[in-house]
Amino acid sequence: MADMDGIKTNNHEGIDPSKNFHTDTAPGKTNYHIKGMDNMSWGMKDRMSRIFNPKSGNALILAVDHGYISGATKGLERLDILLPELQEDIDVVMATRGAIRTCLPPMFNKPIALRCSAGSTVLSEDVTSETIGVDIEDVIRMNASAMAVQTFLGTEDEKETITNLCRTIDLGVKYGIPTLGVVAVGKQMARSPQFFSLATRVLAELGAQIVKTYYCEDFEKVTSGCPVPIVVAGGKQLPPKEALTLAYRAISEGARGVDMGRNIFQAEDPKAMAKAVAKVIHENYTDNEAYEFYLDTKVK
């Protein structure tokens with residue numbers, strides 16, 4: 001085992017200032033538009049290109065997988081109505097296989113990030129214990145472009161969720177399907193820049209081709225230190241302006257996408273909000289410009 005004495009830091013709030021992430025230096029020039037993917041197989045690159053727009057290099061992922069923990073979440077009561085309405089405005093939908101098969105028409109024709117981990121519901125006191133609830137054959141049958149697996153680092157279930165992730169990555173590499181490693185945070189878990197910097201790097205080192213995490217201070221160091229694309233979770237519902245500011249800051253500081261759920265499907269006008277977030281992600285709109293666009297676009 002590596003000697004941890006020279007690795008650990010007592011700086012629990014921020015990232016060790018002695019570390020040099022070269023945030024002012026772009027990644028080395030490559031022949032492919034997605035960070036860290038030059039040496040992947042053709043099938044892997046093809047699926048990654050469906051997720052990350054080749055022109056902007058970014059992605060807007062609509063997360064509607066909340067039901068596997070919380071049931072009919074507000075705004076997701078009728079996925080069969082919501083998803084076709086937002087089809088043209090998003091790049092990817094993250095959902096469970098049950099929701100996809102029952103609520104998503106096959107002509108939807110947008111990439112699927114298939115939720116593959118499954119665990120306890122909100123009725124349980126602990127939602128950190130998860131298993132893999134989808135086998136690779138079903139992932140292939142559903143033509144998924146990525147497999148999403150949640151990890152709970154720093155909990156009693158850390159090893160189990162890392163095992164889930166590694167087994168999924170192994171199968172994904174075998175069949176050319178990327179794994180989206182999700183940095184989950186529970187009520188008792190740290191939300192510091194140091195934690196997110198560590199967690200995103202660990203998931204990438206284990207082989208995840210995409211990492212989903214939360215925005216935090218020193219975020220440009222988090223993205224610089226992660227050798228694969230990071231997408232930022234939208235998190236809890238925010239006022240539209242704050243949600244657009246979150247997206248703008250994340251993209252400005254190195255994220256390659258936003259995985260947004262409640263801030264779109266619980267918005268006053270979900271379609272206008274999805275369009276506004278897409279302006280930030282793909283067209284370099286500032287948060288102020290996107291908010292003005294949202295106000296002009298939403299149904300009065």
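**Questions on a predicted model**

Student: Leaving aside its neighbours within four places in sequence, with which residues is Met142 in contact?

Tutor: In this predicted model, contact means heavy atoms within 4.5 Å. With neighbours within four places in sequence left aside, the residues that touch Met142 are Arg97, Ile100, Arg101 and Leu114.

Student: What limits apply to a predicted model like this one?

Tutor: Residues are numbered from 1 along each chain as its sequence is written, and side-chain values use heavy atoms, with hydrogens and water left out. Totals for chains, interfaces and linings use all residues, but local features need pLDDT of at least 70, and side-chain atom pairs count only at pLDDT 80 or more.

Student: Is Met142 buried or exposed?

Tutor: Met142 sits in the loop between α5 (136-141) and β6 (146-151). Its relative accessibility is 16%. The cut-offs are under 20% relative accessible area for buried, over 50% for exposed and partly exposed in between (1.4 Å probe, protein chains only), so Met142 is buried.

Student: How far apart in space are Met142 and Ile100, C-alpha to C-alpha?

Tutor: In sequence, 42 residues separate Met142 from Ile100. In space, their C-alpha to C-alpha distance is 8.8 Å.

Student: How many salt bridges does the structure hold?

Tutor: A salt bridge is a side-chain nitrogen of Lys or Arg within 4 Å of a carboxyl oxygen of Asp or Glu. One of them pairs Asp46 with Arg50, with the closest N and O atoms 2.7 Å apart. The number in the structure is 15.

Student: Why are Asp46 and Arg50 about one helical turn apart?

Tutor: Helices (H or I, at least four residues) and strands (E, at least two) are DSSP runs, numbered from the N terminus. Asp46 is partly exposed at 25% relative accessible area, and Arg50 is partly exposed at 34%. They are about one turn apart because both lie in helix α1 (residues 42-51), at a spacing of 4 residues.

Student: Which residue forms a salt bridge with Lys271?

Tutor: The closest N and O atoms of this pair are 2.8 Å apart. Lys271 is in helix α11 (residues 270-283), and its partner, 182 residues away, is in the loop between α3 (79-86) and β2 (92-95). That partner is buried, with a relative accessible area of 8%, and is Asp89.

Student: Is Lys279, the salt-bridge partner of Glu283, buried or exposed?

Tutor: Glu283 and Lys279 are 4 residues apart in helix α11, about one turn, and the N to O distance in their salt bridge is 3.2 Å. Glu283 is partly exposed, at 43% relative accessibility. Lys279 has a relative accessible area of 16% and is buried.

Student: Which residue in β9 is the bridge partner of Lys212?

Tutor: Two strands pair if DSSP finds at least two bridges between them. Strand β8 (residues 210-213) is covered on both faces, with Ile210 and Lys212 buried on one side and Val211 and Thr213 buried on the other. β8 runs parallel to strand β7 (residues 179-183), with 3 bridges, and pairs in the parallel sense with strand β9 (residues 230-233), also over 3 bridges. Lys212 partners Val182 of β7, and its partner in β9 is Val231.

Student: What percentage of the protein chain's residues count as buried?

Tutor: The protein chain has 12 helices and 10 strands. Of its 300 residues, the buried share is 50%.
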